[in-house]
Every structure is written in structure tokens, then in C-alpha cells.
Amino acid sequence: VPAGYLVVAFMIPLAWLLLVSFYTPIPTGFYAPAFTSANYTRFVFDPFYLRVLGRTLALGGLAAVGALGVGYPLALVIAFSPSTVRAVLLGAVLSPVLVSIVVRTYGWMVILAGEGPLNQALVGLGVLNTPLRFLSQPLGVLIGLVSAGLPYMVLSLLGPLQNIRTSLIEAAHTLGATDAQVLRLVIVPLSMPGVITGLALVYVLSAAAFVTPFLLGGGRVLTVPLLVYEQGVRLLNWPFAAAAAFVLLAGSIVVLVGGTWLTRTQAAPI
Amino acid sequence: VDRVVRLIVLTAAGLALALLLLPVVVVVPIAFSASSTFQFPPHHYTVRWFVAGLTNATFMAALRASLVLAFGVAICSVTLGTAAALALAKGTRRRPRWLEAFFLLPLLIPTVVSGIAFIQFFAVLGLLGSWASIFLAHLAIAIPFSMRVVLATILGIGRSYEEAASTLGASRLWTLWSVTLPMIRRALVAGAVFPFIISFDEAVIALFLGGARTLTFPVRLVTYLVDQFDPMIAAFATMLMVFTLVATVVLERTLGLERLSRVA
């Protein structure tokens, strides 16, 4: 019965969406059941929508790299700390996930505001002369995306990092390796599966994020999820919204499957 | 060189912690701030934003609606999810793993995609803009969570207790009622709390499906924030965080934080 419910309530809407994405939009009401691929070609060939797609991919990619850049050091510290410190830090990583994304995004709106604490601090310390504009800019959206993606990045990295045997690290030290060498030659290669999983996960979450670009972008940073909303809910062009949604979904599936495949082939021999 | 490496690692880790915790921490002092701009730290403190929030009729109506919705989703989700988990646990040999993968599908699909799919589906059914559509959509994305929590516990227990019960002459229904369900009751609590949080937090699908008269609490927050953001929202955020904290403690008591991180 539950499987039946999911088929009815989930699979049928999705299949319907795929069908509608090939329908012809008509301006007065929703769509006409005449098949066309115009929705997809419009999305991929129109320079405006191409820029939206490019911006979405760029923000997703930068958010993934940014989350790796600060998440990897944090995961390192957590993995090689004594257990009490580890528990506290792990709690700090997990607890934001339990706070609503709307609340966390609101927190960033406060922090990044023109006269908000971050600008006050930067101007007060003499780093900046005038307040920097974060909101309604890609930079503000990016900060929000990195923050939202970090817990998933750190959790992905922690598994492989904690599985590294301390004897390997001790052996490297005994053989005269410096900390930097141990990190570069032992720890990083062994944690590659976690790096790939984390990048794929944060990329997919960021490219599909809605609340963060919706609020931090202030209507000026249009990404594919926002386009789906605008076309589907505001303008009622359902076929085009459906096509955009499927481009997004296809991109996510490719990245997730590719990531899984890469972690399999990269499987460490130890 | 080693000292430089350590310094870089620690600095970046500190930056990561700031990115994680700052947006959560900053709202609490703002909620008590006496001025309506974002002075930080505030010069004077007041509870007037809490009063303003709690006496705001539209927000309170949305909050009540969201609580009822989340409660309904929690009960139905844990019931259906447990049924699915029991069925999956029984048929480990005959039913292939793809069925389990099938139940994961709603977790992997972006909410905008399912949101736009639900719109067109419920429009055909004539349910667009109704509470029923939001309820059914939330139920569809919540069931997999309930199922995963319950299935993990059932598989952990093993089947020997149920086999012993049936050897001693218990009917299948009686075995379920007197042996299986009592053993998994912690998982049942968690399997209900998860869908509650999911439904109560979910803003995207509810925004897509909701009409002017069917605003959930998170949707009301988001639409309000598009135009303005005064400390009243910080007061709501603080209350939500206290609520989340309570829910987390309940989950932690019943399930343990480590298993929580595995399911989430």
C-alpha cells in the first residue's frame, strides 16, 4: 500500500511533468497537448536562459569548492581530535541542519545587510572604507550556499578520514615525513572518496537550492530553481517550467551517478 | 613549514565553524534588540518583538495550520512507513533491492522539481491551492524517512523473536502487536518526529502549492522576508530554534545522535 501511495503521489506527477515538458504552451491557459521540443530548445539556446543555467552551474560549483576549502580542514580537526572535542565539534556541524533553512537564511540576511555586523566589523577594522554590498548579489547567495552545504561536506569527509589507520600516519612520521607531507601523500589520497561524494552532494544541493537564492538574491540573482518558480507559479507557463525542472533534475542525476562511479573506481587499496 | 600548515588548517576550520554557526547565533540577540535596525550587539533589550509576533494574526493562523498539518503528516507517515518497512524486512530474499531504492527517490529529487510536478498533478485533480494537496505532497516526501528509521531498527533486531512467537502459536497479527511493535517503539517515535520536522520546515513545495488562503508558517516567513526583515522574524526564529532544540532532545533520547546523523 505505501509503495502504491508513492507511485500515485510521486511517480505519476513526475511522469506527467515529463509529458507536459513536451507540450506546447499557450498564453491564455497552461498548455495544449501538442508535442514539441521547443521548451527544451528555448531553454538551451536562448542566451538569457543560457546565462541563468550558467549562473546556476557556477554558483553550485563554487559553493562545492568553497565548502570543500573550509570543510576539509574542519573535518581534519574533528577526525584527529580527542573524543570530547570531537563530540562538541560534531554537534556544531550537525545542529544547523536541524534549524530551518529559512531561519539560517534570515541569519545571513541580518549578518550581510548593508549596516549589518559584518560590514560594521570590516569598516571598523579598517579593511573596507565603505560597506560592501552582499545582498542581492551572487556573493551573498554564494556565502549562504556554502554555509548550507558545509554540514553535508564535513559528514561526507569524516567517514573516510576516520577510517584512516593511525598506524599509517605514525609510520609516515617514523620514516621522516613532515606534517605537510603526511597530509599530501597519505591523508588526502585516502580521503578522495569523501572529497568526491562531498563535492557532488554540495553541488547538487546548491544548484537545486531555492530558499537561499530566493532571499539572499533579492530577485536579482536568477537561478534555474527560481526560474522554475517564476515560470510555473507566477507566469503559469507550465511546459517551460517543466522543461527547466527536468534540465535541473538531469544535471543532478548525472553529477550524483558520476560521483558514485568515481568513488568506486577511486576506491583506496588499503 | 609544519607550523604554517597547522595554522592554515586551524584558521580554515575556524572559518568553517563561523559559516556554520553565525547565522544561527546572530538571530537571538537581534530578537531582543530594542532598535529596528541591526545594531550588533544591540544597545537596549526588549521583548516587544516577541509580543508583536505572538499577536500577529496572520502569522499565528499560519503557525496553527502548520502544526496541524505537520501532526497529520507525522501520524500518517509513520503508519505507512512502518507498513512499508515491515513488508521490505520480510521480503529481503524475494523482493530485490530496487524496491528499497525506489523508496529513496523522493529524497533525491530537488524540491523545486517535485513542487512543479505536484502543481500540475493536483491541478488535474482539482486540488490546487487546497490544504489536501500540501498534505499529500508532504506525506509523499516524508514516508521515506519514516521507512528508513523503522527498517534500520527491524533489520537490527532480526527475525528470531517473531519466529519464536509464531512457533509458540501466536497469529501473525498478534505477533506484530505484542512482539514486533513494542520492540521498535523507539523507532516509531523517531519515525513520527522526522516527518513532523520535515513538514513543519518545508517551504518550497508548500509555496508552490499554497494559494492565498493556504499559507504554512515557513511560507509566510519567506514571503514576508521578500519585502522586509524586521526583528519580529528574529523573534520567530528564536522560538523555532527553541522548538527544534526540544525536538532534537526527544530524538536524541530515543535514537541517539550518531544514528540521527546516519539517517538524516
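**Chat notes on a two-chain predicted model**

Me: Is B:Arg6 buried or exposed?
Reply: B:Arg6 is exposed, with a relative accessible area of 52%. Exposed means over 50% relative accessible area, buried under 20%, and partly exposed in between, with a 1.4 Å probe and protein chains only.

Me: What am I looking at, and how are things labelled?
Reply: This is a predicted model, where local features need pLDDT of at least 70 and side-chain atom pairs count only at pLDDT 80 or more, while totals for chains, interfaces and linings use all residues. Residues are numbered from 1 along each chain as its sequence is written, chains are lettered from A and ligands numbered from 1 in the order in which they are written, and side-chain values use heavy atoms, with hydrogens and water left out.

Me: Back to B:Arg6. What does A:Asp179 form with it?
Reply: A salt bridge, in which the closest N and O atoms of A:Asp179 and B:Arg6 are 2.5 Å apart. The term covers a side-chain nitrogen of Lys or Arg within 4 Å of a carboxyl oxygen of Asp or Glu.

Me: Why does that pair join two chains?
Reply: Because A:Asp179 lies in helix α9 of chain A, whereas B:Arg6 lies in helix α1 of chain B. Helices are DSSP runs of H or I with at least four residues, strands are runs of E with at least two, and both are numbered from the N terminus.

Me: And A:Asp179, buried or exposed?
Reply: A:Asp179 is buried, at 17% relative accessible area.

Me: How many salt bridges are there over all chains?
Reply: The search of the whole structure finds 1.

Me: What volume does the second largest pocket have?
Reply: About 450 Å³. It has 15 lining residues, and those closest to its centre are A:Leu76, A:Phe80, A:Asp179, A:Ile187 and B:Arg6. Two or more lining residues come from each of α3 (47–79), α8 (166–174) and α9 (179–190) of chain A, and from α1 (2–25) of chain B. On a 1 Å grid over the protein atoms alone, a pocket is an open set of points with protein on both sides within 12 Å along at least five of seven lines, a cavity is a set where a 1.4 Å probe fits but cannot get out, and lining residues have an atom within 4 Å of a point. Points are joined across faces, edges and corners, and volume is the space filled by probe spheres set on them.

Me: How many cavities of 30 Å³ or more are there?
Reply: The whole structure has 4. The largest cavity holds about 80 Å³ of space.

Me: What lines the largest cavity?
Reply: Both chains contribute, with A:Leu98, A:Val103, B:Phe200 and B:Met241 among the lining residues. In chain B, α10 (185–201) and α13 each supply at least two residues, and α13(B) gives the largest share, 5 residues.

Me: New topic. Why is helix α12 of chain B called largely enclosed?
Reply: Because 8 of the 11 residues of that helix (residues 217–227) are buried. B:Phe217, B:Arg220 and B:Tyr224 are among them.

Me: Where is B:Ile143?
Reply: B:Ile143 is in helix α7 (residues 131–157) of chain B. B:Ile143 is buried, with 0% relative accessible area. Its C-alpha atom is 9.6 Å from that of B:Phe194, which is 51 residues away along the chain.

Me: What about chain A overall?
Reply: Chain A has 13 helices and 2 strands. Of its 270 residues, 50% count as buried.
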